[in-house]
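Thanks for coming, everyone. I'll keep this brisk. Please look at the screen.

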Amino acid sequence: LDRWLVFIIHGYIKQQTIQMEDFKKVQYTLISRRSQYFAGTRYLRRGVNDIGNVANEVETEQIISQISNHQRNRNSSLVQIRGSLPFCWSHT
């Protein structure tokens, strides 16, 4: 059954290797994932729904890895979550 499944991410992935001035290589990875629960356009989805999911929530992770042949790789990661303010909105 797994060969028939296609996993899809609603987001963005970018990975790039950067050569630093001191001859060290750094690999930069950026991953953004959009929530599936309360997504929509900015003007039509706001606040929080009845279940507690905020509108247009996006989780972004930045990973920086130092690439080295002689020593153990060093990794650094930062996760940021953003979304609509958790208030109940109504449009008139």
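**One residue, then the whole chain**

Let's start with Q16. Leaving aside residues up to four places away in sequence, Q16 touches V26, Q27 and Y28. Keep in mind that this is a predicted model.

Where does Q16 sit? Its place is in strand 1. Is Q16 buried, partly exposed or exposed? Its relative accessibility is 41%, so Q16 counts as partly exposed. Now look across to T29. Q16 and T29 are 13 residues apart along the chain. Their C-alpha atoms are separated by 6.5 Å.

Now step back to the fold. The chain has four strands and zero helices. Along the sequence, the pattern reads β-β-β-β.

Next, the strand pairing. Strand 1 covers residues 11-19. Strand 1 and strand 2 run antiparallel, and nine bridges join them. K14 has L30 as its bridge partner in strand 2.

What lies between these two strands? They form a hairpin with five residues between the strands. Find F23 in that hairpin. F23 takes a positive phi, near 65 degrees.

On to the other pairing. How many bridges link strand 2 and strand 3? Ten, and again the sense is antiparallel. For a landmark, take V26. V26 stands opposite Q66, which is in strand 3. V26 is also one of the residues that Q16 touches.

A quick reminder about strands in general. In a regular strand, side chains alternate between the two faces of the sheet.

Now the charged residues. How many salt bridges does a search of the whole structure find? Two.

Take E59 and R33. They form a salt bridge, and the closest N and O atoms are 2.3 Å apart. E59 is in strand 3, residues 58-67. R33 is in strand 2, residues 25-34. How accessible are the two partners? E59 is partly exposed, with a relative accessible area of 26%. R33 is partly exposed too, at 28% relative accessibility.

Then the other bridge. The side chains of R33 and E61 meet in a salt bridge, at 3.8 Å from N to O. Is E61 buried or exposed? E61 counts as buried because its relative accessibility is 18%, and the cut-off for buried is under 20%.

Last, some totals for the chain. There are 92 residues, and 20% of them count as buried. The chain exposes about 8,200 Å². Carbon and sulfur atoms supply 54% of that area.

Terms used. Residues numbered from 1 in each chain as written. Predicted model: local features only at pLDDT ≥ 70, side-chain atom pairs only at ≥ 80, totals over all residues. Heavy atoms only, no water. Salt bridge = Lys/Arg side-chain N within 4 Å of Asp/Glu carboxyl O. Buried < 20%, exposed > 50% of the residue type's maximum accessible area, 1.4 Å probe, protein only. Pairing = 2+ DSSP bridges. Contact = heavy atoms within 4.5 Å. Areas by Shrake-Rupley, 256 points an atom, 1.4 Å probe, with all protein chains shown as cover.
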